[in-house]
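Welcome to this short tour. Keep your viewer open, and select each stop as we reach it.

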Amino acid sequence: MIKRVPVYILSGFLGSGKTTVLVHFLEHCKRNGLQPGIILNEIGETNVEGHLFDNQRVVELLNGCICCTLQEDLKETMDELVREMTESPLDVLFIEGTGVANPLEIQEVLLSTPYREQFDLMSILTVVDASHYTEYQSVFSSSAEVRKLMTEQLVCGSLILLNKTDLVSDKQLEKVKQKVLKIAGEHKKLVECAYGEVDANNLMEKTVGSLSVGNSISPASTHEHHHHDHSTVQTITLENLPPFNQTTVTKWFKQLPPSVLRGKGYLQLDEPKQLVSFQYASNKVKFTPISSSGERESIVILIGMEMDKELMNERCEELLQLGNR
């Protein structure tokens, strides 16, 4: 009998901390001598987090959402992995969808023939930003699409990671937990964490159980699941940027409008001269020095919902002016 490769799907809204959790997963694999495979999905045309996965087996699915426009690409990727595993076996596979992906669609692929014979779906981890959850679920501060999407991600998740708990009070955290479990289901396992740091042994447990959604849905109803309207999701890409002062560009990030939910990329700092990667979420930005070797150029990718075009043009012009001072 063929030993199936355990698979973990990472889901969660924009800026919730999925990639950080994935990095912790990979550190656990390294400590335990496990050979992981990674499938990364990005809405935009460029993956600016490749430096996090150097020397790893990574397949990038870019410029679309794995749950709809790129689902055939996912199947082709799975087919390629099956062929490669005859010579280069995998011990575990991680699939990280975009922040606007419904994990049910990925699950359906894994539970269909022939993939269910090769892969064993262990868990669908839905990462939730505790500091912004209430805001995203409010009819006054978010769109119906955002609320529907986050509900889908919670309902489909078999393990809920409540991240960024360090940014909220104990009272607020308790309210968020109650709201999350009311939607996800009281029976769901919920793990609190900050900076995506969780005991990897908890993450590696099988939490999907006997779910077999992909096997019980008829072709007609499956087709309905594949229709998603991501029309309010927008990306802005800025390239060929000059060097920046870190303090000045940090202030620029913190003044971005709430409609900008996520930012990532590379920037060249002027003092000291250093190439850094940056992660922007929850109105916070983090810079990490990286090697300037390779072909990494300065690039800023902003992802948001219903961003005001005129306002964002102004903000982008401001950034360019900051670099030219």
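Start by selecting α1, which gives five residues to the lining of the second largest pocket, the largest share from any element. Element names such as this one come from DSSP runs, numbered from the N terminus: helices are H or I runs of at least four residues, and strands are E runs of at least two. Before moving on, note that this is a predicted model, where local features need pLDDT of at least 70, side-chain atom pairs count only at pLDDT 80 or more, and totals for chains, interfaces and linings use all residues. Residues are numbered from 1 along each chain as its sequence is written, and side-chain values use heavy atoms, with hydrogens and water left out.

**Stop 1: the second largest pocket**

About 270 Å³ of space lies in this second largest pocket. Select L26, E27, K30, D54 and Q56, which are the closest to its centre among the 14 residues that line it. By class, the lining of the second largest pocket has seven nonpolar, four polar and three charged residues. Here Ala, Val, Leu, Ile, Met, Phe, Trp, Tyr, Cys and Pro count as nonpolar, Asp, Glu, Lys and Arg as charged, and the others, Gly among them, as polar.

What makes a pocket? On a 1 Å grid over the protein atoms alone, a pocket is an open set of points with protein on both sides within 12 Å along at least five of seven lines, while a cavity is a set where a 1.4 Å probe fits but cannot get out; lining residues have an atom within 4 Å of a point. Grid points are joined across faces, edges and corners, and a volume is the space filled by probe spheres set on the points.

**Stop 2: the largest pocket**

Now select G17, T20, K164, Q279 and K286, which lie nearest the centre of the largest pocket, out of 39 lining residues. About 940 Å³ of space lies in this pocket. Which element supplies the largest share of the lining of the largest pocket? That is α1, with six residues. Colour α1 (18–31), β9 (260–269), β10 (274–281) and β11 (284–289) too, as each supplies at least two residues of this lining. The lining of the largest pocket has eleven nonpolar, 16 polar and twelve charged residues. Domain 1 (5–202) and domain 2 (233–323) each give at least three residues to it; these bounds come from an automatic or database domain assignment.

**Stop 3: the cavity**

The structure holds one cavity of 30 Å³ or more, with about 40 Å³ of space in the largest cavity. Select its lining: F13, T126, V127, V128, M150, Q153 and L154. Both β5 (119–129) and α6 (144–156) give two or more residues to this lining. The lining of the largest cavity divides into five nonpolar, two polar and no charged residues.

**Stop 4: two backbone details**

Zoom in on the peptide bond from T113 to P114, which is cis, with omega near 10°. P114 sits in the loop between α3 and α4 (115–118). Next, pick Y195, which has a positive phi of about 60° although it is not a glycine. Y195 lies in the loop between β7 (189–192) and α8 (200–203).
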